[in-house]
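Hello,

Here is the structure I promised to pass on. My notes follow below it.

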Amino acid sequence: MQLIPLTTPVVNKEMKETAVRVLENEMLVGGESVINFEESFAKYVGTDYAVSTNSGSSALLLAFYAINLNIGDKVVAPSATFIATLNGACLLGANPLFCEIGSDYVISSDLLEKILGKSQVKCVVPVHLYGYPCDMSSILDIANRKNAILIEDTAQAHGAQHKGKKVGSFGQAAIFSFYPTKNMTVGGDGGMITTNSKEIYESALKMRDVGRKTKYTHDEIGYTLRLNSVNAAIGKIQLQHLDEWNDKRRLIANTYRNKLTGVGDLILPPEEGPHDKSVYHLFVLRTKKRNLLGIWLSKNGVSTGVHYPIPVHRQPAYQKFEGKDLDFTDEWSKTVISIPIFPNLDSKDQEYIINLVTRFYDERLYEQKELKDKEKEWSNKLI
Ligand SMILES: Cc1ncc(COP(=O)(O)O)c(C=O)c1O
């Protein structure tokens, strides 16, 4: 049976030809494609600067370093995210404080207020999870009032908007990931920092290039975190298609919403507010029957994902830090399931997926012994 993937990147003839052209004609590191991509990306997001990196995690590390995050500094982020969000901060010795999420799966100024009222926090990292923009105007407002620096984790939200502005342009800095499952890729790992701050820009440029001041002089202990020229050239072409691909994702999301609202115990992704534009990086359902639904879809050739079964505050690597009181985040991690969404998802395949999900509830297929027997094995794969 043919498997419908959860997601798949678009790779076209132009991208392949460009990769060959760059391989044959440019410096493979530091070629002109890198600057071209960075300039286009900054323009797209609406910031003065963009610095490309070899991953979103590297971008986070460089951004935290650039704001002088130090040992013992407190950094707030949701626990409902991919583990990389605060790894860079913790590597620099910061202490994570995890913020609860709302029913839209992102942090809000009200939830933040509870933490910022109690502690002096150096930095807040809102995550535009699943492509859904956080309410950046009110988050910016509270961060400013409490003197906290904002670094947006925009790894999943290329092109999402809040009040007519792209996310990634609100904080002192923002980071993006181009890992191949993201809304756009560079044909492998890659990342970007966007910022209006000249200091952050200059620090990131230097630190991604082994702390280099001149060709042979290094006045800081940096690292090699640069994006390769071939990847940058592919990224630039991907960026030209991003809006068109995001529009397709939104159409697919609308169809899911129209057909799956009211089915079984499903909770659909949050509707966008009047000022927001989500880019549906993932289409995430919530159900108490998450594991059985996953088994049923997989049995019928449909891939699913769980983003994320272990919230960051429950990860073994984070057990040395305080704060475990995140009831909704725990509930979220036990009930989420992502179903296929990507620009070229065929409408017949989508109809097939919708039909399978609907049948799962209408025909009470979750009672089938065959599915229940596999539940243990399936949930073991999530830990
Ligand atoms: C929310 C979030 N933050 C950070 C990252 C890290 O990006 P990368 O995988 O490119 O290092 C990712 C990537 O999966 C992510 O989804």
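Asp346 caps the N-terminal end of α11, with a side-chain oxygen 3.0 Å from the backbone nitrogen of Lys348. Please keep in mind that this is a predicted model, in which local features need pLDDT of at least 70 and side-chain atom pairs count only at pLDDT 80 or more, while totals for chains, interfaces and linings use all residues. Residues are numbered from 1 along each chain as its sequence is written, and side-chain values use heavy atoms, leaving out hydrogens and water.

Helices (H or I, at least four residues) and strands (E, at least two) are DSSP runs, numbered from the N terminus. Buried residues (under 20% relative accessible area, 1.4 Å probe, protein chains only) in α11 include Ile353, Leu356 and Phe360. The buried residues of α11 pack against α8 (229–260), α9 (290–299) and α12 (369–373), with contact meaning heavy atoms within 4.5 Å. After the helix comes Arg364, whose phi is positive, near 50°.

Now for strand β9 (191–195): 5 of its 5 residues are buried, so β9 is largely enclosed by the rest of the structure. Strands pair if DSSP finds at least two bridges between them. β1 (49–53) runs antiparallel to β9 over 5 bridges, and β8 (173–177) also pairs with β9 in the antiparallel sense over 5 bridges. Thr194 of β9 is the bridge partner of Ala50 and stands opposite Ala174.

Best wishes

Key:
Buried < 20%, exposed > 50% of the residue type's maximum accessible area, 1.4 Å probe, protein only. Polar contact = N/O pair within 3.5 Å; in protein donor to acceptor, adjacent residues only side chain to side chain.
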